[in-house]
Amino acid sequence: LPHVGHVRQRGFIAAVELVEDTATKKPYDWSEKRGIRVCQHALTVGVWLRPLGNVIVIMPPLAITIDQLDKIATAVENGIQVATGG
């Protein structure tokens with residue numbers, strides 16, 4: 001996605017960093033609450049995520065189905081598009 005600066009993963013925990021400009025990795029101003037917007041959108045479809053500033057943390061349970069993982073991934077993708085306008 002156009003505003004994803006970096007994706008990190010350790011085991012089953014992942015983090016998606018949102019940036020204003022991917023070329024320079026310039027972050028959004030913290031007051032814009034982009035991470036919170038993504039998480040609020042995900043909640044509308046029943047997915048809980050954790051915002052840490054402009055970073056969305058994904059921590060699914062170990063006992064999860066592929067369909068549930070797909071639902072989380074779709075919620076993250078749609079939430080990022082809504083929160084960044086792209």
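Visitor: What does K33 count as by relative accessibility?
Guide: K33 counts as partly exposed, at 45% relative accessibility. The cut-offs are under 20% relative accessible area for buried and over 50% for exposed, with partly exposed in between, using a 1.4 Å probe and protein chains only.

Visitor: Before we go on, what sort of model is this?
Guide: A predicted one, where local features need pLDDT of at least 70 and side-chain atom pairs count only at pLDDT 80 or more, while totals for chains, interfaces and linings use all residues. Residues are numbered from 1 along each chain as its sequence is written, and side-chain values use heavy atoms, with hydrogens and water left out.

Visitor: Okay, back to K33. Where is its place?
Guide: K33 sits in the loop between β3 and α1. Helices here are DSSP runs of H or I with at least four residues, strands are runs of E with at least two, and both are numbered from the N terminus. K33 is not a glycine, yet its phi is positive, about 50°.

Visitor: Which residue other than glycine has a positive phi near 60°?
Guide: K25 has that value. K25 belongs to the loop between β2 and β3 (26-27) and is partly exposed, with a relative accessible area of 44%.

Visitor: Now α1. Which of its residues are buried?
Guide: R34, G35, V38, C39 and A42 are the buried ones in α1. They take up an arc of only 140° around the axis, so they sit on the same side of α1. The arc is that of the directions from the helix axis to the C-beta atoms.

Visitor: And what do those buried residues of α1 pack against?
Guide: They pack against β2, β4 (50-52), β5 and α2. Contact means heavy atoms within 4.5 Å.

Visitor: Let's do α2. How far apart are its end C-alpha atoms?
Guide: They are 27 Å apart, which agrees with the 27 Å that the 19 residues of α2 should span at 1.5 Å a residue. The expected span is 1.5 Å times one less than the number of residues.

Visitor: Which residues in α2 are buried?
Guide: I72, A75, V76, G79, I80, A83 and T84 are buried in α2. Looking down the axis of α2, these buried residues fall within an arc of 135°, so they line one face of the helix. An α-helix has 3.6 residues a turn, so residues three or four places apart point the same way.

Visitor: What's on the other side of α2?
Guide: I66, D67 and V82 are exposed there. The buried residues, by contrast, have a cover that includes β1, β2, α1 (34-43) and β5.

Visitor: What does G86 touch, leaving out residues up to four places away in sequence?
Guide: G86 touches P2 and Q81. The C-alpha atoms of G86 and P2 are 6.8 Å apart, although the two are 84 residues apart along the chain.

Visitor: How about H3: buried or exposed?
Guide: H3 is buried, with a relative accessible area of 17%. H3 lies in the segment before β1, and its contacts beyond four places in sequence include E17, V19, Y28 and T84.
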